Amino acid sequence: MSCCHFAKAPNRRDMLRVSACGFGHVVLSALAGRDAFAARDLAADPWNVRVPHIAPRAKRVIFLFMWGGPSHVDLFDPKRLLNEKAGKPLRGKDVGSDRDRLGEVLGSPFAFAQHGQSGVWISELFPHLAQHADKLCVIRSVHTEGSAHGEALLRLHTGQANLVRPSIGAWVSYGLGCESENLPAFITISPPRGHGGVQNYGAAFLPAIHQGMAIGSAEIPVAQAVVPNLTHPRPESGSQRRQLDLVQAFNRDHLSESGGDQGIEGLIESYELAFRMQSTLPQIISLDDEPSEIRELYGVGTEPADNFGRQCLLARKFAERGVRYIQVSTDYTWDHHNKVQEGHIAESAKVDRPIAGLLEDLSRRGLLEDTLVLWGGEFGRTPMAENGDGRGHHPQAFTMWMAGGGIRGGLTFGSTDDFGYRPVENPVHMHDLHATLLHVLGMDHERLVYRHAGRDFRLTDVYGKVVREILA
Amino acid sequence: MEIPLALALILAVGPVAEAGDLADAAGGRDHWAFRPLAHTRPATSSDWSRSPIDDFVLTGLEAAGLKPGADADPLDLIRRLYLQLTGLPPDPAAVQAFVEDKGADAVERLVDHLLNSPQFGERWGRHWLDLARYADSNGLDENFLFREAWRYRNWVIDSVNADLSYDRLVLEQIAGDLLPFSSIEERDRKRIAAGFLVIGPKVLLGNDVERQRMEVADEQLDTIGRAFLGLTLGCARCHDHKFDPIPTADYYAMAGILTSTQVMEQRYMLGEQRVMERLAGLGEDGDVLDGIYEEYWRGLPKMKKTREQAGSLLELLKNGEATALEEFVANHPGAASAGAGDQAEPIEKRIEAQNGLIAELDAAISNPPPIPPRAMIPADADAPGDESIRRAGQFDRPGDKVARGFLGVVAAGVKPGIPEGSSGRMELGRWLTDVEAGAGRLTARVLANRIWLHLIGEGIVRTTDNFGRTGEEPSHPELLDYLARELIDSGWSVKSLVRKIALSRTFGLSSESDAEAYATDPDNRLLWRANRRRLEAEALRDAMLLSAGELDLTRMQSTVWYLGDQATAVGKNEVRRRTGFSCRSVYLPVIRNDLPELFDAFNFADPHATTGSRPRTNVATQGLFLLNDKMVIEAAEAAARRVLKDETSGGAAARVDKMFELILNCKPSEDERQRVLAFIQDAAGKNLPKQDEPDAEFRAWSMACHAMFSLSRFQYVE
């Protein structure tokens, strides 16, 4: 643990800021509420943007999360030997494992080709994405711990599994602050409810305003997703403003009697913002104002891409409005212990066009320059067969890709052995990925710390190394 | 502001010494939290004070050139007392009786009444549940339901109501399963208390057994350290604590006690053998029933297999395939009934016999035994023993063994005297509150500070769970020591300390601000006035339901019985985040990673870890909840029905008064009455859609009640 960096407790500031996510009283909560003395002198105001440690290359992140674990050897990391040795035993010594026999090799039925000027290898399952090959930095040597989904999801999202830690989006929100008046800094669209659930977008001991706002959840089509309590359930809702005027008049009286109590002031503000959000948020969430050409670009209205297309388009709308960290998740559908071929054909078809549409749209609007797009699952899949035609969980090596702000496009980074079992060149641990992501946003992962329970915590614990080779 | 305050407050964290010296346990004992309790007398005494508590506070105020503000208005005081002691606002009759009570001991009688009401334990038990990271599910990676956790929750509530002394409360939670008992009920009650050790969150899958053992112990040590001792022991897992005098050896000395304790067991769950939280049967025959229940689930796959084979065998019988039949019976002895294999019998008889077996198997399969009464209960490990230091905290890098024991900084050279073959939890449980040779002084300071926080609104030490060097220093160190001594002298009676503080003049101050005092001490650290506090999630909901006449004060057992074994199952789950009970909020389901919106929005304690003081945030989701949540609207409607129910002679104006009394515990001013009346007339008159006209009056009143719930005056305690 990073126990060694302590700063003195900051002085309290009398300051009140209004944003989508927190109000004046929050400012005090970190000080008064518990032993959460945020390190660094800016901590008194949770929305104060922490000075960038490094020149930022991106202002926001869109993470496209493929829940269940996509197979790297079927999508981005072609292995000739898998097909040559299909059905033959994979021995531990072939891939540097202690175990004698790991299972039978399962070949990949998919054709790979090089794309773009850079010649990035992409499987036939991603024809639309392939057109953006030169934007992608494909990292083939990612590795993590946790061979069960729950542990791997928590490590991917929070860096740890056995203790509750803030999620990466919450860290980004804490580090960069909130840009929008009407939206929080961290939004997660259709997040998984299992495998750590809320913890994967939670704030843990960071101030609660940094928790991700969830829109729907993975098992519900995003078109049916609701933000809780956004509408009044009764017919008199038309009189709500008049009712609120009465409430606020009483509350302002109370505020003035109290000599300007910040809690009461915060309460008053929270009603006003909530009232505004009732009309602005549905507007943003609705895709009706998007031209049909754009909707088509994302595959909205076309099965099987409609749902993920809507999610990606929503992500772009949030990105435009200043949200710092946006996660888009598939349902729990990439976990193909059986029939990995059919499964991957079906799942790729759901996301290929939406992802390509997102990259195209961001790029046309000039947003890709300062938006980091990250793609991947909680782990990869085994080169060996499971149940004859499926693949198991594989945290030892898998592929993720990045695109956009600060990242070298058209690059294939790191490599795995001949079977895709272990990283060979330039291994990138999940902590390294986190460190790199913060770096691109202008934050030094060793200096983005939060003081809690008597010590400083950081996303990468005592680990993490920025992968400089992939930076533009 | 710093200069005058600095005279009275020593808030700044002292200069940080070289890390190397700090882990020296003996040398670290000069830190204020580890020193003996001071026997200081307050420097000031005046007519203003009712008790030494007030003298200490007054001394601090006077040193900064301040004086205490006015006493609270009786209406504010009774609401404050009710909400702080029971979590519920007073009803109009109680308010009236109190206001009219001119007896000198009116407050005292009220406080005693509240301390003795069962609602006290529901409020103060919940404070403890925050520390105990209580939950009805595991959380983390596999969110299995803790079907039996409620027994521990209710044990906490009962124990607080019975004013079980804190030293017993600690001992029973650490070692209740090891304590002697004179009846099965007593045995079970103590065992349930020790569920404290079992209810923590644990990574369940993909985990090495040894790693899991160390991680479970780490989680328990973290909880014990922060909840009882106000210390962050976790830091010493990997290296000597950099700032507190806790060497790694001390960490593993304590860890050995916990790794000598079992809180996990192999159980059959959702189709496979898993490592789950440990359960044990309750009552005379609990273990037998538990055995039968577990046996059923363990044997179910085999029973199903046998049933399938018995079916195949029946087919062979029917088809008269004699050779195949003989072979099948030989290979699957359990699948054939005795009669079916008897070749001397006619085929019809044999078929009948086989059908009989199939019916028996079907009946056995489709009739699982009921879940027996059981609870989450730890046990000493089969072979308790000392633990090895794990280098850099890595479970697979064992170093030297350390004899089991406690923290040297608190009491040097104390040999725990753990008997052969036991974990040492009995000794740990006693050491935590042992004032002479154990951590008792520190434990008393930590607890006294928590009680102060819950009554006064801010801790004397604001970092309630961190009394180490990186925590804050006390604003009133002598007062803290006085309270700790009072606690110990009263035989660790929580109720008695609550009573003393609640009856102090300091507690009864008005929350009114004062520009001059504010300029000197804006944070009110010196307590020149009462802290204005917002209702917590539970009190907010309970207060709404109570004033609506919809709150059922009956205590609840489980509120999660309808959930599946996976509390947050992937896929559709219509019953999640359920709050539609009429019971008090303390009984609502606490599903880790799936808290109800009410809890999520209003800063409920994260049930994954000890929370001594909840965060206080003001966010838009709270506004949305209050404006639109169905529970809020329904409570407002019920309140409106209550307001409209009785004929009153005073007409609408009298109804407004009644509404104020029910919801805000006071009468409106004339101006307020007129503003509310104008709103109701307006809303009932012209602002509703045509089809709702018959309802217009009711709807207008329910909007008015809803407005009352939305007032800061409702949501704050003065």
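Reader: In this predicted model, in which hand does helix 25 of chain B pass helix 27 of chain B?

Author: The two elements are residues 651-664 and residues 696-709 of chain B, and their axes come within 10 Å and cross at roughly 40°. The crossing of helix 25 of chain B past helix 27 of chain B is right-handed.

Reader: What percentage of the residues of chain B count as buried?

Author: Chain B contains 28 helices and 10 strands, and its C-alpha trace spans about 105 × 80 × 45 Å along the principal axes. Among its contacts with a separation of 6 or more, 68% are between residues 24 or more positions apart. Of the 718 residues of chain B, the buried share is 54%.

Reader: Which helix of chain A gives the most residues to the side that touches chain B?

Author: The contact draws 75 residues from chain A and 79 residues from chain B. On the side of chain A, the elements that give two or more residues are helix 1 (24-33), helix 5 (149-158), helix 7 (240-257) and helix 8 (262-285). The greatest contribution, 10 residues, comes from helix 8 of chain A.

Reader: Is Gln327(A) buried or exposed?

Author: Gln327(A) is placed in strand 9 (residues 325-329) of chain A. Beyond its neighbours within four places in sequence, its contacts are Phe63(A), Phe65(A), Gly169(A), Thr188(A), Ile189(A), Pro191(A) and Tyr201(A). Gly212(A), 115 residues away in sequence, lies 9.2 Å from Gln327(A), C-alpha to C-alpha. Because 26 C-beta neighbours lie inside 10 Å, Gln327(A) counts as buried.

Reader: Which residue in the hairpin of strand 4 and strand 5 of chain A takes a positive phi?

Author: Strand 4 (residues 112-115) and strand 5 (residues 120-123) of chain A run antiparallel and are joined by four bridges. Within this pairing, Ala113(A) has Ile122(A) of strand 5 as its bridge partner. Four residues stand between the strands, and the positive phi, near 70°, belongs to Gly116(A).

Reader: Is the peptide bond from Glu303(A) to Pro304(A) cis or trans?

Author: Pro304(A) is situated in the loop between helix 9 (292-297) and helix 10 (306-320) of chain A. Most peptide bonds are trans. With omega near 0°, the bond from Glu303(A) to Pro304(A) is cis.

Reader: Is Lys339(A) buried, partly exposed or exposed?

Author: Lys339(A) is found in the loop between strand 9 and helix 11 (340-364) of chain A. Although not a glycine, Lys339(A) has a positive phi of about 45°. A residue is buried if 20 or more other C-beta atoms lie within 10 Å of its own, and exposed if 12 or fewer do. As Lys339(A) has 14 such atoms, its class is partly exposed.

Reader: Is Asn524(B) buried or exposed?

Author: Asn524(B) belongs to the loop between helix 20 (515-520) and strand 9 (533-534) of chain B. Most residues other than glycine have a negative phi, whereas Asn524(B), which is not a glycine, has a positive phi of about 55°. Because Asn524(B) has 22 C-beta neighbours inside 10 Å, this residue counts as buried.

Notes: Residues are numbered from 1 along each chain as its sequence is written. Chains are lettered from A and ligands numbered from 1 in the order in which they are written. This is a predicted model: local features need pLDDT of at least 70, side-chain atom pairs count only at pLDDT 80 or more; totals for chains, interfaces and linings use all residues. Two residues are in contact if their C-beta atoms, placed from the backbone, lie within 7 Å. Axes are lines fitted to C-alpha atoms, for helices over the stretch in contact, and angles run from 0 to 180 degrees between N-to-C directions. A crossing is left-handed if the near helix is turned anticlockwise from the far one by less than a right angle, and right-handed if clockwise. Two strands pair if DSSP finds at least two bridges between them.
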